[in-house]
Amino acid sequence: MHDKVFPKPAIEAKHRSGLLGAHYDCFVKWMQNNGYSRHTIRSHVQRITHFAHYLRQKGICSIHQLEGINGKELLDAYRHYCKHRGLGHRSFSLKSYLQALKEVNIISNLASRDSLLSPLTQQFLTFLRGQNNLSENTIRRHIGWVEKFLRFLGYRKNISSIGIAEIDRFIEQEAIRLKHAPHRSYVHALKNFIGFLYHSGKIPVDFSYLISNPRRYKLQSLPSVLTYSDVEKILNVVDRSTKTGLQHYAILLLLTTYGLRAGEVAKIKLEDINWRKETIHISGRKTGKDLWLPLTPQVGKAILKYLKHARSSSKYREIFLHVYAPRTPLNGSNITYVVNRYIQLAGLNLPRGGAHILRHSFATHLIRQGVSLKHIGDLLGHRNLESTHIYTKTAIERLREVALEVPEVE
């Protein structure tokens, strides 16, 4: 049984009444287990009571009417209702409430992002998940690009008559908009999409081999890199007297010491650090190959300090959790936010931020040290040496020496 949230029984009784009040104990217990303060719990309960009044006005009589596509439309309507009345913050309470009920299977059929896709894109999603060499992030990017391409076509075109002309027009449009962004993930997505259409019998010819990248001269666009003094500025502006600062400092050290991707840092679990052998395990890389790196004293000390003084106990095994409730694991976007925050605090004026600028700086420094492209590619998790070769052009007087040894790859 939970601790008493409201001091007066009459107030608690009010929140227990109605459609959603039957799950009062479940919601309060979930919030307590996820580290919410008593004040925040009260606020969320009050907001959910407001949502219950809204449902009653709409004639909703069952919690299960929140499930499926119809439930998604109802929830979206409520969010729209709150937004236009300056009550947008109530959406977060609703998200927490639904998550609590979902975890104990009171609600089991909430509409997912996948259910909102067009039928064709849902089929493509299933096809992609059957490919062993694609990460979930890559799959999500593919789905986003294909949905955009279908909107470009207007959804009205008979897919069996799709041709290379439409593909080329879309690629040209995106190349101009993105200014020849080096990753060009939309081209890869379209190649896979045409391959899927052919293998599923929706088009008679597989012309994916005709889809080409927008014209771009090799190495015309070089990644931005930071000098060693700039990296030091970023690390030095972190306030390590706070829980948030301890976490952010450990994250930044992992990025600058090993050149990891944001998503790779987010996925590091407690068991991935072997304190006795002084190694750190990096899993879920694009290459599909795991990596074991030496745990440097500076990184180890920063992580240990965070674990002792800033990380709350949790059922989650990921090292980095949100400092404030709900204390769920950070994701790649959260890691990117951390980097951008301290780039700004350090007063660095950069054309592009994100965790990748630290990754580029790490690789360029290794080039300057004379480390082989093969070794750098293994450290960075590149599938081919062409991805690594670009750093030979950025290895100018950008990064001086660092105090860390080049990690060995096991």
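Is Trp 30 buried or exposed? Trp 30 is buried, at a relative accessible area of 9%, where buried stands for under 20% relative accessible area, exposed for over 50% and partly exposed for what lies in between (1.4 Å probe, protein chains only). The model is a predicted one, in which local features need pLDDT of at least 70 and side-chain atom pairs count only at pLDDT 80 or more, whereas totals for chains, interfaces and linings use all residues. Residues are numbered from 1 along each chain as its sequence is written, and side-chain values use heavy atoms, with hydrogens and water left out.

Trp 30 has its place in helix α2; helices (H or I, at least four residues) and strands (E, at least two) are DSSP runs, numbered from the N terminus. The buried residues of α2 are Tyr 24, Phe 27, Val 28, Trp 30 and Met 31. These residues sit on the same side of α2, because they cover an arc of only 160° around the axis, the arc being that of the directions from the helix axis to the C-beta atoms. An α-helix has 3.6 residues a turn, so residues three or four places apart point the same way. The exposed residues Lys 29 and Asn 33 are carried by the face of α2 that is turned away from its buried side. The cover over the buried residues of α2 includes α1 (9-16), α3 and α5 (90-103).

With neighbours within four places in sequence set aside, Trp 30 is in contact with Tyr 36, Ser 96, Gln 99, Ala 100, Glu 103 and Pro 326, contact meaning heavy atoms within 4.5 Å. The side chains of Trp 30 and Glu 103 also make a polar contact at 3.1 Å; such a contact is a pair of N or O atoms within 3.5 Å, and within protein one must be able to donate a hydrogen and the other to accept it, while residues adjacent in sequence count only if both atoms are side-chain atoms.

The backbone oxygen of Trp 30 lies 2.8 Å from a polar atom of the side chain of Asn 34. Asn 34 belongs to the loop between α2 (24-33) and α3 (38-57), and it counts as buried, with 11% relative accessibility. Not counting residues up to four places away in sequence, Asn 34 touches Ala 325, Pro 326 and Arg 327.

**Aromatic pairs**

The structure holds 17 aromatic pairs, in which rings of Phe, Tyr and Trp (its six-membered ring) have centres within 6.5 Å, with planes under 30 degrees apart counted as stacked, over 60 as edge-to-face and the rest as tilted. Two of these pairs are set out below.

| Pair | Ring centres | Planes | Class |
|---|---|---|---|
| Phe 127 and Phe 196 | 5.4 Å apart | 50° | tilted |
| Trp 145 and Phe 170 | 6.4 Å apart | 80° | edge-to-face |

Phe 127 lies in helix α6 (residues 119-129) and Phe 196 in helix α9 (residues 185-199), so this pair ties together parts that are 69 residues apart in sequence. Phe 127 is partly exposed, at 25% relative accessible area, whereas Phe 196 is buried, at 4%. In the other pair, Trp 145 is buried at 13% relative accessibility and Phe 170 is buried at 0%. Ring pairs link Trp 145, Phe 149, Phe 152, Phe 170 and Tyr 186 into a cluster.

**Nonpolar cores**

In soluble globular proteins, nonpolar side chains tend to be buried together. The largest nonpolar core has 43 residues, and those with the most contacts inside it are Ile 234, Leu 252, Leu 254, Ile 280 and Phe 320; a nonpolar core is a set of buried Ala, Val, Leu, Ile, Met, Phe, Trp, Tyr and Cys residues joined through side-chain atoms within 4.5 Å. Helix α11 gives the most to this core, with nine residues. Another core, of 30 residues, lies apart from it and has among its members Tyr 24, Phe 27, Trp 30 and Tyr 78.

Gln 247 has its place in helix α11 (residues 243-258) and is buried, with a relative accessible area of 2%. Leaving aside neighbours within four places in sequence, Gln 247 is in contact with Tyr 306, Phe 320, Leu 321, Val 323 and Leu 330.
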